Structures are given as structure tokens and as C-alpha cells.
2 protein chains.
Amino acid sequence: MSEREYHLGDSVPETPDNPDGLAPWTDTRVVGTRHARVDAYERVSGTAQYPHDVFLPDMLYAAILRCPHAHAKVLRVDTSAAEKLPGVRAVITGQTPGVDRPWYERGGRAWSRLFDPHCRHEGEEVAAVAAETPQQAADAAAAVRVEYEILPFVVDDQGALEPEAPAVHDGGNVVGEPAVRERGNLAAGFAEADVVVERTYRTACEIHAPMEPHGSVARWDGPRLTVWDSTQGVFAIQEGVARSLGLPMANVRVIGHYMGGGFGAKLETGKYTVIAALLARMTGRPVKLFLPREDCMRVTGNRPGNTMTVKLGAKRDGTLTAMEYTSLGSNGAYPYSAATSTLAAFLYRCPNLRATDTTVFTHAGKARPMRAPGFPQCAWALEQAMDELAAKLGLDPLKLRLANLADVVQGRDGPIPFTSNHLAACLEDGAAAFGWSEARAAARSEGPVKRGVGLAACFWGYSGGPPSTVIVKLFSDGSANLNMGASDIGTGTKTWAAMIVSEELGVPLPQIQIEHADTATTQYATPSGGSKTVPSDSPAVRAAAVAVKRQLMAMAAEQLEVEESELELGPGEIAHRTDPEKKVALSALEKLGRQGVVVGTGYRNPNPENAITWPFAAQFTEVEVDTRTGEVRLLRFLAAHDSGRVLNRLTFDNQVFGGVAMGVGLAMTEERVLDRNTGKMVNATFHTYKVPTMMDVPLEHTSLPIDRSDDLFTSTGAKGLGEPATIPTAAAIANAVAHAIGVRVTDTPLNPTRLAGMLAKPAEEA
Amino acid sequence: MSEREYHLGDSVPETPDNPDGLAPWTDTRVVGTRHARVDAYERVSGTAQYPHDVFLPDMLYAAILRCPHAHAKVLRVDTSAAEKLPGVRAVITGQTPGVDRPWYERGGRAWSRLFDPHCRHEGEEVAAVAAETPQQAADAAAAVRVEYEILPFVVDDQGALEPEAPAVHDGGNVVGEPAVRERGNLAAGFAEADVVVERTYRTACEIHAPMEPHGSVARWDGPRLTVWDSTQGVFAIQEGVARSLGLPMANVRVIGHYMGGGFGAKLETGKYTVIAALLARMTGRPVKLFLPREDCMRVTGNRPGNTMTVKLGAKRDGTLTAMEYTSLGSNGAYPYSAATSTLAAFLYRCPNLRATDTTVFTHAGKARPMRAPGFPQCAWALEQAMDELAAKLGLDPLKLRLANLADVVQGRDGPIPFTSNHLAACLEDGAAAFGWSEARAAARSEGPVKRGVGLAACFWGYSGGPPSTVIVKLFSDGSANLNMGASDIGTGTKTWAAMIVSEELGVPLPQIQIEHADTATTQYATPSGGSKTVPSDSPAVRAAAVAVKRQLMAMAAEQLEVEESELELGPGEIAHRTDPEKKVALSALEKLGRQGVVVGTGYRNPNPENAITWPFAAQFTEVEVDTRTGEVRLLRFLAAHDSGRVLNRLTFDNQVFGGVAMGVGLAMTEERVLDRNTGKMVNATFHTYKVPTMMDVPLEHTSLPIDRSDDLFTSTGAKGLGEPATIPTAAAIANAVAHAIGVRVTDTPLNPTRLAGMLAKPAEEA
């Protein structure tokens, strides 16, 4: 199961050893099997308490009044009418004593204030209310009277670059310097090429749209604040709230036991959380503040829409000689990044490259990281360009990719090896399982309904994360408690963690209880995002369980008067390897009984130095296009993933399915529409912003794990899966559509309206 | 501050080193100062949530119907009327399916059932009800109809020994074999003696009577039970509830953040907790079950009343030659221990000794450990006998004790040294501070109001406990979180723990937040009882803080590019010892910023082998006795304590004051009265059971710490204080009264009724 492979022997030890110093599993009983989520009953029965379900005695409800303009200055706020409404307990604005404070963005700079009189996009916070009921709060917020000076705005990326464009901040609308990655000699590379393709692609801006809206409940106990937050990472929220309120971090407790989706939008502290805390402090009562769906759509983040131009040069045999890549996108009104070029720079072995990323400010809601930030956009462009190149060269798209795979990362200071890279297996095994060649050859081209197949490949440029700490406690009856700070954002984190404990300690899953995602009572973990949770936390879980196991083995050896090496731990007992007389149940370990519990602490060690760990994927799809209506049906989908070792085969499947569904949204249905005349979002509801439903996802879906442990990476050998599951999906669909009908759809969403329009034009590819 | 002393060099290392391996503090900034409790605001403002304050959505209230007879068999229970009452949701008895189960006592044997049809004392559980309101629950419990067969009973200790006494259990009323401790040759010792005294003493049975009654709130989340319990040790309750319900321990979460007093009565699982859990499971709703005060008085424990005979032989110079000690007491209807002889056996260096403890069953509520179990009773007898001996020898009672102090423990297998023993300092420094000689000489003997002074000494025969584990987390802004499983039973545990963290890490106390007493989220700790909390947990807290400190120092050394040894940690920063340019704030440690937190784990190591650690005390009091009324006023009190290093001088004072107040209760006011005709308790209310009030405690009170770190014991050098604070109090009062009026009061309570009666008889001592 654990095949080892490294590409530059120098920087990777000869004797494979991961930084955790534990031997890789050679055989597993629990890890790798299919296991339903340990909290499945709570999740489906409604007994799981999401932050939205938190109701505290004496709790007030809050609402926020937001600026209705894309760009405006607040001249005057009159709260007098709102204050007189029934049930109202507090109305705050930037003028209220003790409320005004800077608002920090990533990098530590304050780009606005909590209630900023300069509103830079539709939906900026102007006032907030706490009242006895949610309805009273909403009514009172609506009763706050505001006088605005309406200002000119820009909401499109290209327009923001115009010299006369209204500036979002002082210093022009380009965020920082355009980022340029270069290697080799681009001109020489294109001169070498036998064939060149060049085209511009566009992706629409997407909204994260999690099921549970953004929101918090805040309660003060003396000097200490407790926040229940719908978040992907309690420790990040703790830090943001503490900084904003000027509190020691220890005095801010953030709890996030369940949360209803985030996809990157719930990694950072929201103004609503700080507003809830301020209202709670002013009223002396707990305050609940959850945003209406429309506000979530407008202000809690999005995936930037990007305009990307890809120019590829290749030899007749398909060898890439040059790549020029430019990307433009907007982070909205506050700094983030709309860069996309990482995938283009490193997916293929191309010696001559220039990739340029430009991010602009616009008068629109701020972007936030969204599942594989930048990567699905780039895949949409790059992987379509590769197919166009294959067509021009008369090569099978699969073979073109296999011929150009990067076997190292072309770093600025030279090549860096991978700890593992099974992208070739993703492509080859995936193609075999999908029946790529047969399906490609058999594509139906007669009649109005066409059939085609497409594929796309990717890596995800991140693994591991900051150190995380996990504690396992084994009670004297042999049952166990697992303490980890990571949030389970619905992906099954608690389940694989319990499986690892069960693997090491033989404790059945129903006897493992889990504490997680609470800054006060659990240990530090990086936020659950960026496919970091498994690689950051699984080695820490294993190390904690092994720390318990070692103590148990020592206790048993002492009690049985044998050497530890002669013993092995089985379910519920420790037994001699050869002498059946010598064994002891965990619950009969005398020292354990005396000391009550065994506690084991496990850490995630830093990534190996001088090597890179990325997950890889190749996805394949077969589609049917009705050329009369422009409708596309996704007949089947196969997703082949190298995410290292598979911890839970069932949630692996779930995760891939979710990623593909999200990729379908990018490809076919989702688009934030801003009115150019008003700068306002016109489709801020689920009725008008189309998240794919079960009717839109592929009819048949297969996940194919390339289940090879990355033993050089960590002791569990598992890499991330969340992001790669969605990166190549949209591009694979577009390639399949192009294969079916010979039309290359360069812009998302690839919906019947757009396709029908394009089908009027002549086909351009074979 | 840390003077070292050991008595048998062989078994104690030459180079003093405690089992924790950390050098003793030589100088402290925080530890040893006076610090108000960190939770003082919550405690006095009413915002602290005691288990009694837990109100959950949809919660039901429960009540228990109890047997009104001292001994009876339940023949028939009819719940039909109760079930029909408004608001009733469940009525259970031992006949209800799924309810009947054995009830375990210490040692693991089941001596009864949850609802036992054989009721062995007044107040045994017969049925329980859950209803919408506490009133409806009480009404319904009262409406359960029970038919009893009333049986003969015995409620007095001596009576229980009679051959024809009704048996509480099969096998006779003596619990186990009478325990005998012997050394030397008793007859030879008495033959050697120039003087012999002999007298019988009696203490009344006391009730713990904590402010917060006993009770629990139980809630099920799927297969997991959460219990909020008014307890001294959440891990002990977890074990008891899990065993009783047949659940894995991990599936039972016990929380006990605040609790309103226990004194030993809240160390074990109560039937009420299991009943609340069963009712919650049956109704699918949370259930709150708190006992009425009268039930707490009858069934939740007591300090056995004891009858003790002390016979002492001594040379004319005061040297003890022989001691015979016998003790009889009852553990009530279920096994515990009414033994008292430990103090007699080891306080003084007496070569010839026989001490015998007999415990009997009676048809009365079960005894539980109560603050220094057995010791205050023995002190009442032994320390009065010593004073009688001093009078007979014409010696100062102080000098008699100093002449006979034990400098080792006379173990069964030979002498065992102390890690520290400063009883001589307690006596000498205490006497000096109290002005013993002057006051003794100046005692007023004319007129009807007499004045006298008395003293008594003690040790407490327990220190340390099972391993405990503590975690300290330092956040990236330098604030800290302390995670410890120990309960703070009102004694200031959280405060000294935070002080130790502050001592080691320089974090101000308001920036330290504490998680404690939760089996799911905190680490294991022994229950808070037996003066074990400080010795068990303080070294673990220090070790955890030091583990954090070491990581911080390594980070700073790397960042500043200097050796760790050149650095020192001050408040909020780490600085070079000599180069003022080289320093870094904790919040500026780059690695800390990257990894989010530093986590340190600390363990309590086992006690040193072959040495004993006990705390010691001597207490002095001056009293005024009105011989016309028998009224005693406590004018002043001085308590000199060797409890090793003082962690918090303020709570040291509080703890001693509380112990003395409790000793006043034993000496002067408290007595459980059982009606011999019915076997029922006749004073089960605070109106009739007299706990001392502020009007009864000494007018002037001084605590005198013999503040010497026990560096051979643990890295904090602190020994226990809770028990020794109450052990000698009653005896010192009785000795002062005897000194004032020449009458030796052998039985508690020493109240005006008893004293007035005795004053009619002629005086017997000088």
C-alpha cells in the first residue's frame, strides 16, 4: 500500500522517514475502510447544535443596517426613531461612545473602520440594533435614518484600471504590484514552438453560499467573552475578535462545534461578530446576530471572477516550449488576492514561462478564499488551452498531458522534489477506469444531441500547515476521549480522527468521544481550509494515540512481568505475542486504574524541508449536449485523486462528490450579477443565484483514490482532498462540451443561454 | 525560604531533588503573595453558575420518594395516582423496566440496589418522579403509595454490638475485623510509667451540611450523557455513573465548574445522579434533581460519632512510655470506616502502643469522609488526654508535647523519615506569637467569668495523590489558558494555579483564563479532598508552565540569535541578561505567531519513595467561660501551620479560618440527633442542626504559616492545608475550657447545656 518514490535523492533521506518519526502503517484494520460519520445521527436528526441553534437565557437578537449604495459617504445617522421602537435595547453607530475602532484586513493594516462613514460597496455596515426579537431588531434597523452622499463607483475589473475610474482607496485601483513569475526565455520558447495557441477565458464571480448563514452569538462572563461562531477555525476568530476589542486572547473563547458550510468564507472574523460582542457588553445580555441570506451574498466573500489569457507553444510531438499567462481579477473593495497563476506555473514541465497576476479594487463586496482559491479559474483556462493545443497537434489530450507532467517543482532557486506525485497514475488509472479511449472514440456526433468526453488535471499547491496539537485521554475502562482544536466543517474530520485513534488503540468508535473546535478547551489547530485539516491534524492524532499506547504497553509489561517488545495491543487488551496465558484487559491495568487516565499529547511536526507535498487529480466526464436548446447533461464523472493515503473511503467519496458538485456550479450555473448602472447585486437570493441542485450534478459518479501513502510527508501519509476535488471539474466539463460539439466555451457559466448563442456560430475545433 | 531537613539520610538523596526534577523556587514574585480569588467577582455577584443554577431548555424537575422508617421492607408500590397528576412525565421504581441495578460501594461490592426494597435507614430511595415543575414533582412523589413491613432497628454504636441487635446486613454488625496497630510492649510500657491517665471521650455525629445541596442535571445527546454535578471530583462521578449505567466512561461527561461546598460528602456518585440520568433517558429531556435540605441531612453522609478511650503512661519528666487507644464508631448502614487511631499512633514518639478501631453498622445514613476523616475525633480525645497528663505531671502542656514529638513515622517495617516536619516550629513559633506563657499564667480565675488558654497539635496523614495532568496554552499575544481537571471547591484552587502560571511565565493574572473540572475537556485530576489538591496539582501546573517557558526561550534564542542561557523571561518579554538591545516581546515571537499557540503539558510525578510527607499544625485559643450559664466565648485563636510553601497568603488565611470554624462546630454546636424510639433524625434542618455562624467563631483570628518549602516533596514545596486546619481546633477549645474552669468536657458538643450540668460537679484538675 505504501509505495515510496522521490525524485531528487539529495534532499530526501535515503531511509524513508517522515518528520513525525513514526513508522508508516503497513497494514490497517480501521483506517482506509468506509465509516459513516460519527456524528451522523446528530447531523440528520437535528439534535446537532449549530451556532444558529444556540439559544441562551435572556438572549437579545441583533440586526445590521447596511449601506444600499455601491459608493457613498454617510453624512448623518439618526437613530432616535429606532430607539423608541418596542423591544429595542441598544442602537449603535460609529458615533456611539466605545464603538468606533479600526478594522483590520490580512497583513494587519486597517483599511476601514467597524462602521466606516466611507462606504465602499453595497452592504457596508452603518448601524446595528439589539432587540428582544429578531423581528423587532430588523424593524428598528430599518427605522434608522441615514443621509448619504452618493459617489461614483466602478464594479468591473477592466473599468477599474481606467485612469479616470473612481478610486476605491487612495493610491489607485491596482492592488500592490502585478505579480510576475518568470523562468527561461519566453521569446526563445515561442520561437522553438511548432504550434502556438492563444485564447482569453473568463470565469464569473461566485458566492460561497453555505447553507448556514454567517453569524455569531456573544455572551460576556465578567471580563471574558464567549462567542459561538459559524466558522472554519475558532482560533482565527479568537485572534480577530481579541485584536478588535483589545482583549487578551485568553479572554476570548470561541466555540464552533458544528457549522453549516464555509468553503473559505468563514476563515476570518466578521464585523458581525464584533458588533454582537459590543451589543452584548452594552446591554449586559447575550446577543445573537445572524445575517440574512441577502447580506451573506453581498458582504461575506466571493471567488473573484477572472479574465485569463493563455498562450502555449509546443513542438509537434507535444512538448511544451513556452507558456505566457496573464490573469486579471478583483478582490472587491478590500485587499485580498485575485491571483490564479500558480497552477499554470507548475502543473506542466515548461521551461520558458511568464505568468502575470493583476488584482484590482472595485466597489464590490470583498473576495475571500474560496475552495482552492485561484486554481479552478486557472484550470478553466489552462486545461482548455491544453485541449485546444492537443486538437491543433492532433494528439489525444490525455497523451499531451502525460508527455508534459512536471516531476519536480521549478522553484525560483532551482528544482524541488515532491514527497510524492502520482498525477501520472491519476491520468492513466483514471482513463482506464473511465474507459477514456473507447468513450473518446465513440462520441456520438450525429443528430441534434451530441456526446463528448473531456478531462482535466491539477495539483493543489498547499499541504500541511502550522503545528497542531492533539490530546488523547484513555479512561480506566478503555474508552477514550479525543481533544482536537480543528473544526469539522462537514467533511468528516471527527470521523477519520476517531478512526486513527481506533486504529492505534483498538478502541471501538462508539467508545471514542470527541471534543473539538473550542479555543478554551481544545488545543491549537489551523483553520479547516486549504485542504490542510487532514495533513495538519492526522499526524498529531496518530502521535497522541501512540503516546497513549506506549504508556499502556509499559504498564502491561510491568504488570505481566514481560518485555514490552513481547506484547501487542489488540481491541480492549494487551497480550503476549506467543504466550496466550499472558494478557491483560485495558480495564484491568492496575496502574491505569490508580491514575485514572492515560493522557497522550501529539504534535504535528513541520513539513519535511526541501521537498514539496501536493495532492494531484485528474477528472473525466462524459456529457450530452442538446444543440437545439444548448442544454448540457452530465452523464458520468470519474475523479481520480492522489491525496496520499485514504483515511475513510466513504468520506473520501463524499468529499470528491461535493467538490465535483461545486465545480459544476462554477462551470454551469453560478454567477454574481452586479448591475453596472447601480453597482448593486441583482441576484442576492437562492432563487436568482443558482447553486447546483441534485438535478444538476452528474448522473453517475465514481471516485477513484490512488491510495498510496506519502510516507515522506507525515506518519499518516495522507494529503489534502478538499480543494483538488473541485479544481479540474469545470475545465473537464468544458473540454467534454468542446469534444461533443466542437465549440470552445471560454466564459462561465456554460449555460443554455450562452451555449445556444454560440451554437449559431461555426465550429472551430475538430 | 526553602530550608531543607531530613531525618534519615539513607532514604533521601544527598542532593535534594524533588520527584518533579525542577529546582525549587528560590525567590518568588507572585507565589506566596496575597491574591483575591480570580473568580471572586463571579462568586459574589451571582454570575457564577453552580450546578444548582443550570437551567436547560425543556428541562424537567425530579423528586425522590424516600422510606420514612429506619428499617423496613417495601411490600408494594402504587404509582398510579402519581402518574395522573398534572405535569408528571415519568414515575420510576425498582420495578420499572430498565431501572433496577446494583449499587456499588467503595471496594466494588454492591451492598444494595438503586431502589432497594430492603430499606436499611431512614431516607432510602423508593420511587422517583420527573415533572414539568419542582412542585409538581414533589407533589407526585408524595402521591406514590407504599406499603412497608416495618422492622426492628439499631441506631446506637454500642447497641449494634449487642448479640441480639437487629442485623443491618447478613454477617453481623461489626464491619470487617477490628483494626489493631501495635508496637513495643504495652504492659512493659505501662509498668515503666510513673504516671498513668485514662479516660473515655465521645464526639457527636456531624453532618457535612454544605451550602449547596447535593444534586445533578442530566442531559443526553444521542449516546452521550452530560451531567452537571455538585461534586468535589468530576472524574470520580464519571466513573460511578458509567459503571452504574453500563456506559463507556468516555460517553459520560461530568462538569462541575462551581460547587457550593462538600467537605468530603461530594466525593462519590449519588443515587440521585443516576436517577436523574435514567429519568432523562426515559423522557428524552434534560432532568434536574436536587435534594431538599432534609434529605441531604439524612442520606448524603456524615462524620461518625466516636467513643474513644485513651490511656497514657509517662515518666515523671514527661516522656511517654505507653499508649492504649480504642475507638468505636458507626459507618451507618453501608460500609465505610469509622476508624480514628492514625493520629494517636504517630503524633508522638511513644515506643509501646496498641490502638484498636472498631466500626459497626447501624440503621442510619451512611458515613462519608468528612474533612480529615477520623482525625478531629482522635485529636479531641488524645490532645485532651495529653493535657490531663501534663496537669498530673505539673508540666506545661506545650513542653510536654515538645518533649514527645515524633521525628520519624514508626512504620510496621521500621522508621520512615519525613520529607519535612516543622511541628516543633508550629508549637514554638505559635506559642511565641500567641503569647502562650503569659496568657497561661494570666488566666483569670476569680469571679463567675473564667478565662483560660489551650492548645492542641496534629498532623494530617496524607499528601499528594494519583498523577494529575495539566496543560498550559500560551496564545500568540502572550495571554494564557490553564487547563486542569481539579475542582475548585471554594478553596482558591484556580487562584493559586493561575499564580503559579504567572510566576513562571510573567503573564498577569487577568490574562490567564482557566478551564477546569470537566471530564471531557480537561485532563485527569484526583478529586479535591483530603488536602490533596495543592500537592497533587500544583507541581503539574508548574511543570506545564515550565514546558511552555522552555519552548518560548528556545524560540527567543533562535530569533535573537543568542544562547538560551543568556536570556531570561520577564513580564511579556524575553530579554538578554546583559545586552539591553537583545529582547523580544512574547507577542513578537515569530514562531509563536506562526504556530498560534505554545502548549505545555505537566504531570504530577509520584511521591518520593521511602519518605513520608505530612502537614502539621498547632492551634492555640483563649476562651472565656461564664460559669453561671455555661456559655463559652472564643476570644482569640492562633493557628500555626506547617503546610510547606504558602502559595497564596490570602487563601491560606481563608482556609485556616474555615477549618477553625468547622472545628468550632464539632466542639460546640453540631450533633445529629437520632430518636432512639423511631431511629429517625429529629434535627434535619438548619434551624435544629446548628452549624456555627459568624457569632460563634473566634472574635480574633490569626493564621501563622510556617512557610518552609518542602523541596524533597514536589517542585512547589507545598503540602496540604484543608484538613489540618480543622483537626486540633475542638481539642484546643476543650483544653482552654478545662484550663479556665478545671472541668474536662469529654463529650461534644461542649454547649451551655452540657457545661452547666457539669459545673454542678466539683472540679477535678488544677
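Accessible areas come from the Shrake-Rupley method with a 1.4 Å probe. For chain A of this predicted model, the accessible surface comes to about 27100 Å². Carbon and sulfur atoms account for 50% of that surface. Chain A can be superposed on chain B by a rotation of 180 degrees, and the copies meet through the same surface.

**How the two chains are related**

- The rotation of 180 degrees that brings chain A onto chain B has 0.1 Å of shift along its axis, and the RMSD is 0.1 Å.
- This is the relation of a two-fold axis.
- Thr521(A) has the C-alpha nearest the axis in chain A, at 2.7 Å from it.
- Of the interface residues of chain A, 100% are also interface residues in chain B, so the copies meet through the same surface.

**Overall build of chain A**

- Chain A contains 19 helices and 32 strands.
- A compact globule with 766 residues would have a radius of gyration near 27 Å, and chain A agrees with this because its value is 27 Å.
- Taken along the principal axes, the box filled by the C-alpha atoms of chain A is roughly 85 × 75 × 50 Å.
- Of the 766 residues in chain A, 64% are buried, where buried means under 20% relative accessible area.
- Among contacts in chain A with a separation of 6 or more, 80% are between residues 24 or more positions apart.

**Charges in chain A**

- Chain A has 74 positive and 90 negative charges.

**Cis peptide bonds**

- Most peptide bonds are trans.
- The bond joining Thr748(A) and Pro749(A) is cis, with omega about -10 degrees.
- Pro749(A) lies in the loop between α18 (729–741) and α19 (752–759) of chain A.
- In chain B, the peptide bond from Thr748(B) to Pro749(B) is cis, and its omega is near -10 degrees.
- Pro749(B) is placed in the loop between α18 (729–741) and α19 (752–759) of chain B.

**Positive phi angles in chain B**

- Most residues other than glycine have a negative phi.
- Phe263(B) is not a glycine, yet its phi is positive, at about 60 degrees.
- The loop between β14 (252–255) and α7 (271–283) of chain B holds Phe263(B).
- Phe263(B) counts as partly exposed because its relative accessibility is 31%.
- Ala517(B), also a residue other than glycine, has a positive phi near 50 degrees.
- Ala517(B) sits in the loop between β26 (512–516) and α15 (533–560) of chain B.
- With a relative accessible area of 0%, Ala517(B) is buried.

Key
Residues are numbered from 1 along each chain as its sequence is written. Chains are lettered from A and ligands numbered from 1 in the order in which they are written. This is a predicted model: local features need pLDDT of at least 70, side-chain atom pairs count only at pLDDT 80 or more; totals for chains, interfaces and linings use all residues. Side-chain values use heavy atoms; hydrogens and water are left out. Copies are superposed by least squares on the C-alpha atoms of residues with pLDDT of at least 70 in both. Contact means heavy atoms within 4.5 Å. Helices (H or I, at least four residues) and strands (E, at least two) are DSSP runs, numbered from the N terminus. The radius of gyration is taken over C-alpha atoms; the globule rule is 2.2 Å times the number of residues to the power 0.38. Buried means under 20% relative accessible area, exposed over 50%, partly exposed in between (1.4 Å probe, protein chains only). Lys and Arg count as positive and Asp and Glu as negative; His and the chain ends are not counted. The place of a charge is taken as NZ of Lys, CZ of Arg, CG of Asp or CD of Glu.
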